[in-house]
Amino acid sequence: MTILPLLDLRDLPAPEPMERVLDALDLLPAGAELPVLLAREPHPLYGILARMGCRWRAEWRDDGCLVTIARAT
């Protein structure tokens, strides 16, 4: 499994973080994971990811919400 560099989107105003995540997913190679650091948990994004067939895991850290996304194989 390839893990891409962390995409830190904490300082961007909405809806830019979601747009950047979706743009990055368009380029996500098979078997890779995209780690994204956000200022808040992206509940609206989860429905979009589910419809796209992606899987994800989220965890709160001291510096924000880390969401790691992968395309379902």
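Asp 63 and Arg 61 form a salt bridge, with 2.8 Å between their closest N and O atoms; the term covers a side-chain nitrogen of Lys or Arg within 4 Å of a carboxyl oxygen of Asp or Glu. By this rule the count comes to four salt bridges. Please keep in mind that this is a predicted model, where local features need pLDDT of at least 70, side-chain atom pairs count only at pLDDT 80 or more, and totals for chains, interfaces and linings use all residues. Residues are numbered from 1 along each chain as its sequence is written, and side-chain values use heavy atoms, leaving out hydrogens and water.

**Asp 63 and Arg 61**
- Asp 63 is partly exposed at 30% relative accessibility (buried is under 20% relative accessible area, exposed over 50%, partly exposed in between, with a 1.4 Å probe and protein chains only).
- Arg 61 is also partly exposed, at 33%.

**Glu 16 and Arg 20**
- The closest N and O atoms of the salt bridge between Glu 16 and Arg 20 are 2.8 Å apart.
- Glu 16 and Arg 20 are four residues apart in helix α1 (residues 16-26), so about one helical turn separates them; helices (H or I, at least four residues) and strands (E, at least two) are DSSP runs, numbered from the N terminus.
- Glu 16 is partly exposed at 26%, and Arg 20 is partly exposed at 39%.

**Glu 33 and Arg 57**
- Glu 33 forms a salt bridge with Arg 57, with closest N and O atoms 3.3 Å apart.
- This pair links distant parts of the chain, 24 residues apart: Glu 33 lies in strand β3 (residues 32-38) and Arg 57 in strand β4 (residues 54-61).
- Glu 33 is buried at 8% relative accessible area, whereas Arg 57 is partly exposed at 47%.
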